Amino acid sequence: MALVALYTEPCFILSRFPTPAPSHGSSFAQGNHAASSFNPILKSPEWSRKSRKGRQICRCTATEQPKNRRERPRKRSEKGTDPAGFLERIGISHKTFAQFLRDRYKSLKDLKDTISQRDENLLVLASAYEMMGLHRNPRHGVDFMEWAPGARSCSLVGDFNDWSETENRAREGHFGRDDYGYWRIFLGDKLRDGEPEEKYYFQEYNYVDDFDRGDKDVDIDALFQKMNDDYWEPGEDEYIDNDIPERLYEEIFGPNGPQTEEELDNIPDARTRYEAWKESQKNKPQSNLPPIDVIDDGTTFSGMRIVDDPVWRKRVREKKPPLAYWEELRKGRKAWMKKYIPSIPHGCRVKVFFKTPEGPLERVPAWATYVLPDPGGKRASAIYWEPPPENVYQWKNKRPKVPSSLRIYECHVGTSGSEPKICSFIEFSEKVLPHIKRSGYNAIQFIGVQEHFDYASAGYKVTSMFAVSSRFGTPEDFKHLVDTAHGSGLLVFLDIVHSYAAQDEMVGLASFDGANDCYFHCGKRGHHKYWGTRIFKYGDYEVIRFLLSNLKWWVEEYKIDGFQFHSLSSMLYTHNGFFKFTGDLEEYCNQYVDRDALIYLILANEMLHQLNPSIITIAEDATYYPGLCEPISHGGLGFDFFVNMSISQMWLWLLENVPADQWNMNMIVDTLMKNVQKNEKMLVYPENHIQSITGARSFAEVLFGSSQTTLPKESFVRGVSLYKMIRLITLSMCGHAYLNFMGNEFGHPAKIEFPTRKNNFSFTYARRQWDLLDDRDCLHNQLLSFDQAMMKMEEKGRILEKRPARIHRIDDSAKVIIYTRGPLLFVFNFHQSQSYSSYEIGVEEAGEYQVLLDSDETLYGGLGHIKSEQTLQRTVRKRTDKLPNTLCLLLPKQSSQVYKLARILRI
């Protein structure tokens with residue numbers, strides 16, 4: 001400590017103090033900070049020095065700044081920013097909505113100013129997980145932090161202290177709680193029997209590395225002497241024995257230090273301490289004193305005029321701090337294990353206990369990273385997760401590069417196995433990942449990974465935002481899954497749920513600190529009208545911090561490559577999206593729109609793309625809010641893709657309500673192409689998990705059931721043909737990303753039914769029947785082969801990269817749809833009974849066209865009407881469909897073909 005004191009002593013006493021040395025085995029909540037207004041999330045401002053007219057100005061800490069002090073406004077370039085720019089680009093004129101966008105941008109700008117003042121920038125704001133929750137402190141202890149502004153006291157309870165509510169406690173009005181409602185508790189590791197106290201309070205330990213220089217019996221006194229000899233100049237050794245900092249530190253942070261702000265007044269202020277130090281040095285030889293003095297001239301608050309010798313100043317600034325020596329003092333894990341008993345062992349169950357105006361509460365910590373149900377299954381506890389180094393997962397693979405087109409395989413880990421049980425992360429890695437890779441997909445999207453108490457909710461009623469579901473395995477198991485996927489070239493996305501949360505108070509965030517408005521809105525606004533969930537208070541600064549940190553946590557801790565933001569309509573509107581939209585822009589800017597939620601989504605996209613420019617964000621919004629995928633600088637929300645949910649709804653409606661021979665071809669094309677002006681950002685799917693897990697029937701279940709014996713053969717063949725055609729036209733006509741739900745690629749014949757009281761908690765249908773693929777000649781293998789051929793065609797032809805489909809013909813009477821996309825020609829005949837032996841199609845290029853994919857091929861479960869000699873067709877010089885050349889093609893009933901120009905003919 002004396003080493004630091006020499007040159008910095010005059011300023012050191014005026015500035016902030018280092019972290020205190022804890023008393024072993026006791027809570028640090030009783031006296032951990034000397035200012036109750038300290039915000040633990042904010043970095044304490046360092047001293048800054050500016051040259052101003054030949055003098056230096058030292059700025060004191062933020063807690064000493066006056067409230068009325070004016071800060072110089074920072075200049076921010078807004079070049080290229082137009083809050084309503086995308087409206088003009090797409091030719092929309094709506095004054096009310098444009099003004100709404102401008103007002104929203106102003107609110108966003110004000111919030112960013114607040115962020116810059118409190119947290120420096122977005123990435124710092126989103127890094128709260130580095131301090132919140134339970135974390136190992138390098139000074140042999142564990143830090144615990146929680147946000148609960150409505151609580152009167154906060155205790156950490158668990159197996160480690162026999163669930164004592166008083167042993168590790170912080171109280172309101174005492175150090176351990178700041179003005180923002182953050183609580184901090186320090187739990188010092190316990191010395192083993194016979195082990196002496198640390199000689200120096202700043203002794204640190206490296207808990208990961210077994211070997212460290214500090215373990216090699218380094219003599220600290222000898223190291224200090226070597227440091228002094230190398231760093232201090234002759235005549236300065238007088239200050240090596242200066243004990244003022246140590247005594248002041250002990251006075252403030254020692255066992256007998258102040259516990260409240262009133263007791264802090266007994267300690268002299270910085271000015272008095274400096275004058276006392278100066279008086280004590282007046283009889284010292286001048287040659288030993290640094291040529292420096294600090295004068296409070298009273299002209300600027302916290303401004304001190306420093307008078308010094310320029311030569312001395314230059315010499316001191318050229319010196320490098322002796323950091324290498326301090327690092328050499330740090331000891332490793334072996335030394336820590338030998339000397340201390342961990343205050344909280346790995347795997348220990350913990351909870352947070354609050355005393356509130358409404359009474360005592362016991363909660364799962366909001367920032368818990370691993371949660372297990374208690375015996376009996378009605379409650380849960382957080383698990384302190386600090387595995388030994390040999391059990392910490394070591395990443396092996398880098399993130400894959402983002403492909404130009406996304407073919408996403410959506411899956412639910414728990415129902416991914418063949419057996420009637422909950423599947424694990426490890427089982428998924430070993431059995432399902434290879435299938436996904438072989439099937440031709442390049443990304444995985446997981447649903448239900450965040451911890452949720454109700455398994456039947458499929459993971460959408462989240463209880464612990466930062467924890468992986470313990471049903472599927474440990475955090476290390478999920479890391480293994482993600483790493484294995486990356487090693488296979490697959491991106492990993494999460495279906496993230498920030499639009500609402502579970503309303504369970506015992507295991508979730510509802511009434512977390514006893515108040516009804518901690519994380520969520522009060523009253524009706526805080527409750528989803530139909531789903532029994534709670535709506536976040538997106539305008540609260542600390543809630544924004546919590547949600548942004550959650551996103552960054554998944555990216556940093558688990559190397560997630562992207563997010564699909566689930567059910568945005570639930571958060572964007574006070575009616576939760578349950579409203580009949582007419583398309584009038586007034587509906588997107590009226591009193592039912594939550595502006596704070598929109599601003600949060602903008603911040604989320606901006607933060608994520610700052611963190612990783614290659615990250616993918618997908619918006620799932622049934623209302624298609626204007627500007628979802630537009631740039632933030634032009635008034636958009638900044639998503640990379642939006643989900644077109646109307647396509648899937650159209651197919652399901654047709655299958656369940658309209659006979660196939662009455663399908664309207666114009667309606668199909670209109671629905672597929674209605675967002676054509678936006679389709680560069682559109683993700684499409686024929687069906688996703690909604691058809692499989694919400695009580696509705698999957699398409700395969702509707703069209704052909706589980707086997708050929710369930711339907712007449714003719715109806716069965718028709719169902720299989722339609723199944724393939726629906727998937728192909730959805731993939732190829734529109735969108736730049738495609739999604740398939742687990743099992744649908746081979747026509748899984750049954751929906752997913754989670755175990756509930758209604759089915760006597762049966763797992764019979766909470767699985768995927770992979771055994772259907774064991775028979776190489778069965779229908780399901782044929783459908784899988786067709787899906788693999790589609791993925792291969794897309795990969796080679798890069799269909800999803802191309803511009804929107806160019807519609808050549810929509811023949812509603814013949815039930816024919818023809819279009820081109822990129823270099824490929826797509827032909828669909830939806831007629832149930834009519835085949836066409838020589839159907840004329842107009843094309844641009846004269847040449848020979850080769851069948852690239854035929855849904856009627858016997859390999860894919862078709863009837864094989866097109867023979868091998870008919871797969872190559874030559875154009876004739878005839879104008880059709882306003883194009884100069886004509887193809888005469890065989891169009892079998894209920895089939896689709898993809899043609900590619902194999903050879904150009906010059907005429």
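How many helices and strands are in the chain? The predicted model contains 22 helices and 35 strands. The chain has 907 residues, and buried residues account for 56% of them. Its accessible surface amounts to about 40000 Å². Carbon and sulfur atoms contribute 49% of that surface.

Confidence was examined next. The chain has a mean pLDDT of 82. A value of 70 or more is reached by 80% of its residues. Residues 1-77 have pLDDT below 50. Beyond near neighbours in sequence, this stretch still has 192 contacts in the model. Where pLDDT is low, predicted coordinates should not be read in detail.

Contacts were then sorted by separation along the chain. Those between residues at least 6 apart in sequence were considered. Of these, 74% join residues at least 24 apart.

A barrel is present in the fold. Eight strands close it, in the order β16-β17-β20-β23-β24-β25-β26-β27. Their pairing is parallel. On average, neighbouring strands of this sheet are turned by 30 degrees against each other, with direction ignored.

Strands β16 and β27 stand at the two ends of the listed order. Strand β16 spans residues 406-412, and β27 spans residues 737-741. The two pair in the parallel sense over five bridges.

Helix α13, formed by residues 475-487, lies across β17 (443-447) and β20 (491-496). The helix runs at about 135 degrees to β20.

Note on methods
Residues are numbered from 1 along each chain as its sequence is written. This is a predicted model: local features need pLDDT of at least 70, side-chain atom pairs count only at pLDDT 80 or more; totals for chains, interfaces and linings use all residues. Side-chain values use heavy atoms; hydrogens and water are left out. pLDDT is the predictor's confidence in each residue, from 0 to 100. Contact means heavy atoms within 4.5 Å. Two strands pair if DSSP finds at least two bridges between them. Helices (H or I, at least four residues) and strands (E, at least two) are DSSP runs, numbered from the N terminus. Axes are lines fitted to C-alpha atoms, for helices over the stretch in contact, and angles run from 0 to 180 degrees between N-to-C directions. Buried means under 20% relative accessible area, exposed over 50%, partly exposed in between (1.4 Å probe, protein chains only). Accessible areas come from the Shrake-Rupley method with a 1.4 Å probe; for residues, only the protein chains shown count as cover.
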